[in-house]
Amino acid sequence: MIELKDVTIKRPSFTFGPVSQRFDDGRIYMVMGENGAGKTTLLDILSGMIIPDEGVVYKDVRISYAPQESDNAFFLPTVLDEFSYTLREKRKDEVEKRSEQLLSLIGLSSAYIQRSPFSLSGGEKRLLSIALALAVNPDFLLLDESISGLDYKGYKALRALLRALKAEGRGVVFITHELDILDLADILIVIKGGKIIFCGTPLDAMEKGYVEKSFSYMKSMELIGTPILSLKEIARRVSNE
């Protein structure tokens with residue numbers, strides 16, 4: 001469990017909070033909002049990368065973070081080197097086996113092990129950053145725009161991964177601008193101007209117009225990638241889950 005109590009970040013041009021919000025194990029939280037609303041700031045607070053100016057963060061779980069800029073997660077010559085650094089307490093043969101398992105989990109083959117992480121496509125880099133985040137066996141996984149740039153195979157792998165993490169009792173906090181994956185969310189959080197303006201189920205968000213507003217905003221951005229589903233289809237998916 002992670003809990004924020006009256007957390008505030010104060011900057012000359014931006015104030016985040018005060019925010020009080022609880023994140024429970026075994027649930028998927030989707031975070032939406034316009035650019036600059038404070039979504040990434042929320043993840044930075046949850047991960048410990050930013051210390052609040054005011055308020056308290058309670059954490060009793062191991063947290064791992066796959067950032068929006070995937071290149072920031074890499075600094076070694078090969079994919080195997082990246083895993084070896086993360087899993088440095090394990091033997092070489094254990095590292096290779098675990099690396100292959102994690103790559104398979106996010107839809108990449110073992111052939112990627114000897115490749116440079118910087119040679120991968122944008123979508124592959126995002127998947128690799130998730131695999132590296134999973135290597136430490138976190139209780140909570142934080143994902144920032146991880147669906148962006150994925151092909152259909154990667155998109156399916158990510159959906160399967162989110163389901164598996166939830167089934168294992170792990171928590172996920174996932175920033176996204178895409179509605180296609182909203183049907184997997186237990187809780188939708190909408191942020192505007194550094195404040196949480198909605199927290200509830202996706203169906204409740206639709207009924208109150210929060211998803212429709214976000215959908216109109218995202219359509220105007222002409223997003224490239226997996227097609228955005230209609231609200232009717234999203235509602236059908238959520239109702240059937």
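Reader: Which residues of β3 sit on each face, and are they buried or exposed?

Author: I28, M30 and M32 lie on one side, Y29 and V31 on the other, and all are buried. Buried means under 20% relative accessible area, with a 1.4 Å probe and protein chains only. Strands here are DSSP runs (E, at least two residues), numbered from the N terminus.

Reader: Where is β3, and how many of its residues are buried?

Author: β3 covers residues 28–32. Five of its five residues are buried.

Reader: What kind of model is this?

Author: This is a predicted model, where local features need pLDDT of at least 70, side-chain atom pairs count only at pLDDT 80 or more, and totals for chains, interfaces and linings use all residues. Residues are numbered from 1 along each chain as its sequence is written, and side-chain values use heavy atoms, with hydrogens and water left out.

Reader: Back to β3. Which way does it run against β7?

Author: Parallel. Four bridges join β3 to β7, residues 171–175. Strands pair if DSSP finds at least two bridges between them. In this pairing, I28 stands opposite V172.

Reader: And how many bridges go to β8?

Author: Four, and β3 and β8 (residues 187–192) also run parallel. Y29 has I187 of β8 as its bridge partner.

Reader: How many residues are in the largest nonpolar core?

Author: It has 47 residues. A nonpolar core is a set of buried Ala, Val, Leu, Ile, Met, Phe, Trp, Tyr and Cys residues joined through side-chain atoms within 4.5 Å. Helix α4 (residues 122–134) gives the largest share, seven residues. Helices are DSSP runs too (H or I, at least four residues).

Reader: What does L143 touch?

Author: Leaving aside neighbours within four places in sequence, its contacts include L43, I130, L158, V172 and F174. Contact means heavy atoms within 4.5 Å.

Reader: What other core is there?

Author: Another core, of 24 residues, lies apart from the largest one. F16, F23, V31 and I45 are among its members.

Reader: New topic. How many helices and strands does the protein have?

Author: Eight helices and nine strands. Of its 241 residues, 49% are buried.

Reader: Where does pLDDT stay under 50?

Author: Over residues 216–228. pLDDT is the predictor's confidence in each residue, from 0 to 100. Where it is low, the predicted coordinates should not be read in detail.

Reader: What is the mean pLDDT?

Author: The mean is 85, and 88% of residues reach 70 or more.

Key:
Buried means under 20% relative accessible area, exposed over 50%, partly exposed in between (1.4 Å probe, protein chains only).
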